[in-house]
Amino acid sequence: MFSITIFVAIYYLLWRVVPSVAYSWQLNAAPVQCTDISITITGTDGQPPYSVLVVPFGPPPFGADVRGVIQKNFDGNSNSVNVPIKYPANTQFVAVVSDTAGFGTGGTSAPTLVAQSGDNSCFNASQPWSPHFWYFIGPLSQPAAEVVQCNTTRIWWNKTADVEGTPKFAGIIPGGVSFSILAESGITNTSDEGIGFSWLPRLSQGTQILIVGGDDRGLGAGGSAEFTTAHSDDSSCVTAGSPSTTPGTVAGAVNTTSSMTAAIIGGAVGGSLGFVALCAIIAFLLIRHRRNQRYSTGSTIYTLNSERADIMTKPGNPLSYYGIEPFDHTLSPVSGFGHENTAPMRQLTISTTSGMASPNGDRLSGPQAVEPPGSLSRSGSGSINFTPSAPMITTTIIQHTDGGAPVENENVPTTINLPPTYNSLESTQQGRTRQGGKRRVTDNQPFSR
């Protein structure tokens, strides 16, 4: 796999660095009705000056064919030229580029479609294009002009034709090889077929060909004619070197480098932005993970089972009154709560209101309580007073349970729970004091709530 990658890389470098040994050409943009097309020569072995021949292909868009043959010469050693295309939209043309080495040396394009535009000023739909002179193919006795595989025919023109110099002709195969048509046995003058010469079409049957006539004014002065090579039993003239379509890349393709470059740049920018966004997301997740890890490892949760539980259970510490204890009203007040021999024990008194249901579903008829020995007093006003009598401290918990469905016309007492005001805090026992926050707390000191 590695060797294949190296081979591909070397091939790519050679393809980019080593110049092509053949020249060709390309269209810089798709052709549009009544606008110029821009042609650029590619490769290095062309021999300027160059020229381009544009020939209409296919049927005209309307009755009169307003399309003419266009020949344009490049300026000096220039490798680019602009050619005005005076063709209607939705028609086709074939273009051929030549240099001083011969006709068609730069290649022939495939049929190229002309796009629509709002400008139609370059042609008159009611006035067909007319060449400077007319030429003919085949004898007059032939019903229609045709090109037949390996059958000799005659190309000729009238003696009175407006010809400048010696006419010349070329064969153009769309997307293939273009060539000059030469006389087989010299130019002759006959009484019935004018001035012309014999030509042997060395073409295989089915080959499309455009025959273009010209003179000293250039190719196209005599117009063009389109043929499809007809069948013949004689194929002796067709060889491997006979003109045909060109395999592989055809000259005259529309250059897509600019659009491809824009697409590549857009893809690169989009990929870069996506990579930056991905990096930002990864960085955010890492920072979040580290922050959560720091919080989870740097925090301490204090419980009664932790090493700081002695703060809550140390004898004589006021905080021991607020220690966390499990709630289970089924246990006895003495055995179920408290810290043995280390802190004041807390005894539970449960009071339920009359008419309320107990946890097992039975209705309780009155207050039930487990009274500790002389440590708790209740007043009618609802206050609870603690007095220090023993290491045991009693806590009263009022358990509110569901009273069931409301009973009509029954006078049910109402209980309102108010929070403590803490406005009568006073010390009832002298002892060693500690300073904590903004109030003074005395060891073993009860509070009035």
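**Exercise 1. Work out how S11 and S12 are paired, and what sits in the turn between them.**

Start with the ranges: S11 covers residues 168–172 and S12 covers residues 178–181. Strands here are DSSP runs of E with at least two residues, and helices are runs of H or I with at least four, all numbered from the N terminus. Next, the pairing: S11 and S12 run antiparallel and are joined by four bridges. For the record, two strands pair if DSSP finds at least two bridges between them. Now pick a facing pair: Ile172 is opposite Ser178 in S12. Finish with the turn: this hairpin has five residues between its strands, and Gly175 takes a positive phi near 70 degrees.

A quick note on what you're looking at: this is a predicted model, so local features need pLDDT of at least 70 and side-chain atom pairs count only at pLDDT 80 or more, while totals for chains, interfaces and linings use all residues. Numbering runs from 1 along each chain as its sequence is written, and side-chain values use heavy atoms, with hydrogens and water left out.

**Exercise 2. Describe the surroundings of Thr108.**

Now look for a polar partner: the side chains of Thr108 and Ser178 make a polar contact of 2.5 Å. Such a contact is a pair of N or O atoms within 3.5 Å; within protein, one must be able to donate a hydrogen and the other to accept it, and residues adjacent in sequence count only if both atoms are side-chain atoms. Last, beyond four places in sequence, Thr108 is in contact (heavy atoms within 4.5 Å) with residues including Ile172, Gly175 and Val250.

**Exercise 3. Where does Ile155 sit, and what stands opposite this residue?**

Ile155 is in strand S10, residues 153–157. Zoom out: S10 is part of an open sheet of four strands, ordered S9-S10-S14-S13 with antiparallel pairing. Its edge strands, S9 (136–137) and S13 (188–190), each pair on one side only. S9 and S10 share two bridges, and Ile137 stands opposite Ile155. At 0% relative accessibility, Ile155 is buried. Leaving aside neighbours within four places in sequence, its contacts include Phe136, Phe169, Ile181 and Trp199.

Terms used
Buried means under 20% relative accessible area, exposed over 50%, partly exposed in between (1.4 Å probe, protein chains only).
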